[in-house]
Amino acid sequence: MLVLGIESSCDETGLALYDTQQGLRAHALYSQVKMHEEYGGVVPELASRDHIRRAIPLLEQVFAESGARREDIDAIAYTQGPGLAGALLVGSSIACGLGLALDKPVLGVHHLEGHLLSPLLASDPPEFPFIALLVSGGHTQLMRVDGVGRYTMLGETLDDAAGEAFDKSAKLLGLGYPGGPAISRLAEFGDPDAYKLPRPMLHSKNLDFSFSGLKTAVLTVVKNHGDANLCEQDKANIARGFVDAIVDVLTAKCMNALKETGLKRLVIAGGVGANRQLRESLNAAAAKRRYKVYYPELEFCTDNGAMIAFAGAMRLQIDPTAAKKDYAFNVRPRWPLDSLAAP
């Protein structure tokens, strides 16, 4: 089965071809980061228009690199949600229009399910069941995963996601957008003992998260210094205190989830999963307890078409009738992952 995947939920346009026998045949990605950088964040209207410009050239690139013809595909998977409504509409309309033209069935895929299953594309994929930490710009969730479509929510953020806290705190430090990678790089030069920022809900008796208070703590420290008195070393020290706080909370919650469920495998998915400090902390904590941690390849941590093609293929292997030749589409900007049911 050859599945075309289309991802357009936010500020990356991704297309890919996944073959259930040969694996990933080709994938192409365009990031809009440079365009949104001058605005300090994603501008939805600009994102939607750019998806329109990029999608077809990327489609041509994927087919050229794979050697496949349009007629060879068996189904088209596209991100139906969650995400920016206008951006989702671009990918959905392209998928359904192409499906109609080629007489191929289409399948709407949950964006976070794509992230959740992306570590299965690695050379050493995890086996079910496992605990998954979905940690990205808009989501921080702990899930128990017993199979494709079999997800149980264990805990989630009550306010800001970890990725949002990274971006907002980076902005407070004048680091621009995207803030996550910038504040992580700056933290490398910081003194870990300079600022002991709060670890929200670290000792709560549940697996939920909260990061808005940590962001406020960064704001308070910055204000106490005053913009004129905040030197580069001060910024690095604040960044180090912030990153250490987030990493400590995420690591502790993951270890608690594994202990409570009795599972031994932990999967990290989403953009923040590329963070080096988080990976080092999780690897060290897991090694002490004889757990194993799995990550997607770095190129698949951010939004991409490969994870959508793969998730669609996994769904179709369970139920070949899941893709339909019904080209009247709708998008789901808000769509809880644990509402999904296996076919």
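Where is Pro82 placed, between β4 and α3? Pro82 is in the loop that links β4 (75-81) to α3 (85-102); helices (H or I, at least four residues) and strands (E, at least two) are DSSP runs numbered from the N terminus.

## Ground rules

This is a predicted model, where local features need pLDDT of at least 70, side-chain atom pairs count only at pLDDT 80 or more, and totals for chains, interfaces and linings use all residues. Residues are numbered from 1 along each chain as its sequence is written, and side-chain values use heavy atoms, with hydrogens and water left out.

## Pro82 and the cis peptides

Back to Pro82: a cis peptide bond joins Gly81 to Pro82, with omega at about -15 degrees. Pro82 counts as buried, with 8% relative accessibility (buried is under 20% relative accessible area, exposed is over 50%, partly exposed is in between, using a 1.4 Å probe and protein chains only). Leaving aside residues up to four places away in sequence, Pro82 touches Ser9, Leu88, His110, His111, His139, Arg332, Pro333, Arg334 and Trp335; contact here means heavy atoms within 4.5 Å. Val109 is 27 residues from Pro82 along the chain, and their C-alpha atoms are separated by 9.5 Å.

Phe128 and Pro129 are also joined by a cis peptide bond, and omega there is about -5 degrees. Pro129 lies in the loop between α4 (111-117) and β6 (130-135).

## How α5 packs

Helix α5 (residues 162-172) packs on helix α6 (residues 179-187) at an angle of about 65 degrees, with the axes 8 Å apart. Axes are lines fitted to C-alpha atoms, for helices over the stretch in contact, and angles run from 0 to 180 degrees between N-to-C directions. That makes α5 roughly perpendicular to α6 (under 35 degrees is roughly parallel, over 145 roughly antiparallel, 65 to 115 roughly perpendicular, and the rest oblique). On the α5 side, the contact uses Phe166, Asp167, Ser169 and Ala170, while α6 brings Gly179, Gly180, Ile183 and Ser184. Sorted by class, that contact of α5 with α6 has three nonpolar, four polar and one charged; Ala, Val, Leu, Ile, Met, Phe, Trp, Tyr, Cys and Pro count as nonpolar, Asp, Glu, Lys and Arg as charged, and the others, Gly among them, as polar.

With helix α8 (residues 232-261), α5 packs at about 175 degrees, the axes being 11 Å apart. That makes α5 roughly antiparallel to α8. Here Ala162, Ala165, Phe166 and Ser169 of α5 meet Phe242, Val243 and Ile246 of α8. The class count for α5 with α8 is six nonpolar, one polar and no charged residues.

## Cysteines

Cys10 is partly exposed at 23% relative accessible area, whereas Cys96 is buried at 3%. Cys231, in the loop between α7 (212-225) and α8, counts as partly exposed at 38% relative accessibility.

## Positive phi in two loops

Asp103 is not a glycine, yet has a positive phi of about 60 degrees. Asp103 is in the loop between α3 and β5 (106-110) and is partly exposed, with a relative accessible area of 48%.

Arg290, again not a glycine, has a positive phi of about 65 degrees. Arg290 is in the loop between α9 (276-289) and β10 (292-294), and counts as exposed at 76% relative accessibility.
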